[in-house]
Amino acid sequence: MRTALRIFVVALLVSLSGSAGVRAGSQQQPRWRARVDLKVASLLARSARNERARVIVRVRGDASERIRRALRAHGDSVRSEHASLGALSLDLHADDLAALAADSGVLSISSDAVVQSNLLGLVGGLFRTVGGLLGVVGQVLNPDFTESTSAPIRPNVLRATLGLGTQWTGNGVGVAVIDSGVEASSEFGSRLTASYDFTRGGVLTASGDAYGHGTHVAGTIAQSGNRSSSPSNWQGVAPKARIISLKVLDEHGAGLTSDVIRAIDFAVDNRAQLGIHVINLSLGHPILEPAGVDPLVQAVERASRAGITVVCAAGNYGKNPETGLPGYAGVASPGNAPSAITVGSTETQATVKRSDDRIATYSSRGPTWFDAMAKPDIVAPGHGIVAAAPRGSTIYQNYPQVRDGNDADYMTLSGTSMAAAVATGVVAQMIEANRATNGPGAPALTPNAVKAILQYTALEIKNDLGVEYDPLTKGAGSLNGIGSISYARALDTTSPAGSPWLIPSLTPSPWTTIGGEQWSWSQAVVWGSAVVWGSTIDVNQHAWASAVVWGSAVVWGSAVVWGSAVVWGSNVVWDDTTWANAVVWGSDSIGVTNGSAVVWGSTEGLNNQNVAWGSTSQGP
């Protein structure tokens, strides 16, 4: 099966690279090419002069001081250090990049890319200008789709469509919301336990949210509903979870990758002191390099290894705004982090029943760029989500149409940002339920085990024709809140690896009834590029350990080794439109489940018309 998968993937690479790939392959690659991401490669290829560049540079420890001295001599500045990555965030002259890339002490150079919230576009056009970010003005992908606007999904309906009751509330679970900040209010009260601002160096600060996105995300996860006239109907998914606000986005919803990395590292280093169990990342930037060297992805992987479950938005690049065609390979970073729980968005039609749910057309599909991993991991309600709103924020003030008609303290937003927040609330309840079974001294539920449960208990979701969505659109399926919580509750985390760990008296049946409809669970785990069927998670597998990178080659019970990695698209020169144009639009040959693997790469249906490289395919 692995051989067949490689053949399929190689066929896709040939199809994608075309004649331009042959031309690029016939030229000698510059020495720096393997060390830099696409954006930096573009600067080097055109010998950029008289420009400043923000980059993240990984250096060998023995070369760190020498490189610092050279940077100071050239008038370049170190913005921040990332000890966990052995990296420096630099603001330097673009014409110093070549010397830095050629330095034997440099391991890699990555763009300190602009990140933005994964919020469905509120302004017209494919691109918008982002200002107010430390003087940086750049173009950031921000699709504006004229979606069918279904009615807003009120918090009580959201909870009901997830099958949630009142037993579990996320009590005692800490969620770090890395976003635009969280406004303090009675929605969170004393459960907003700390606020730090990484746009100003990570200082402890008063709570606030000039943009509005972070408060909405936190509200979706954990609002109490206390600002409404009927609090029980306006509660978030996990209304007793604690929120730790780590601000990285400005009043325009934009920030820098380096600040996000610092926030993640801070959460890891202070997880015990602040009681952080989950990180929500409803933000991202286009993928510029393989996951193994992407500094933002590596920060996420470090958090996962430390035992923090990281939930990421998949991105909103699932539909070509000009043609309306679906787009594959549009997952954003850090949604390409193997161990993250990457979440796509569904539309619930504002009903409790699940049979009318559809995946939002803007929701990003896999495979991930460069590594060809199957993402997203699951999909969850993300369209028309009603949650807390800071009245003085940019979103609330500039877009009055998002204000809730029944209560002005809430607003309706859509996007994979919201879907990630919904999944984060369920994860908080899973952790709470498992603790209730095992007690505070038992081993915690690992991030890999949380992801496996979410996938195993996921429900099928079909399109308007009654056809189930493909695995690169839906992941393992649609979020089953009560099913995943019930399964997490039944796990005995003290069981040794290789032994069954389900408690018989608590083990739920593999189906869930929601809105009067009964749904069977997927009972499958998408492990990298493979689908593992059956009773996989009934046993405490080595794969669930925090030290294991999701999708890596591990030995499952019967000595079958799964997982492989493929590099693709490395000859593309980056400009501001490259990543969007390189998404595979409208292909009917991607996302097939073939036996035990997710297959992408049959060349049927792929041609120059639906693989839009434009003028960016000439390699350096």
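Let me start with strand β5, residues 114-117, which is joined to β14 by 2 bridges, the two strands running antiparallel; strands here are DSSP runs of E of at least two residues, and helices are runs of H or I of at least four, both numbered from the N terminus. Within that pairing, Ser 117 stands opposite Leu 283 of β14. This is a predicted model, in which local features need pLDDT of at least 70 and side-chain atom pairs count only at pLDDT 80 or more, while totals for chains, interfaces and linings use all residues. Residues are numbered from 1 along each chain as its sequence is written, and side-chain values use heavy atoms, leaving out hydrogens and water.

The open sheet has 3 strands in the order β12-β5-β14, with antiparallel pairing, where two strands pair if DSSP finds at least two bridges between them. Its edge strands are β12 (254-256) and β14 (283-284), each pairing on one side only. Helix α7 packs on this sheet and touches β5, β12 and β14, its direction making about 75 degrees with that of β12; contact means heavy atoms within 4.5 Å, and axes are lines fitted to C-alpha atoms, for helices over the stretch in contact, with angles from 0 to 180 degrees between N-to-C directions.
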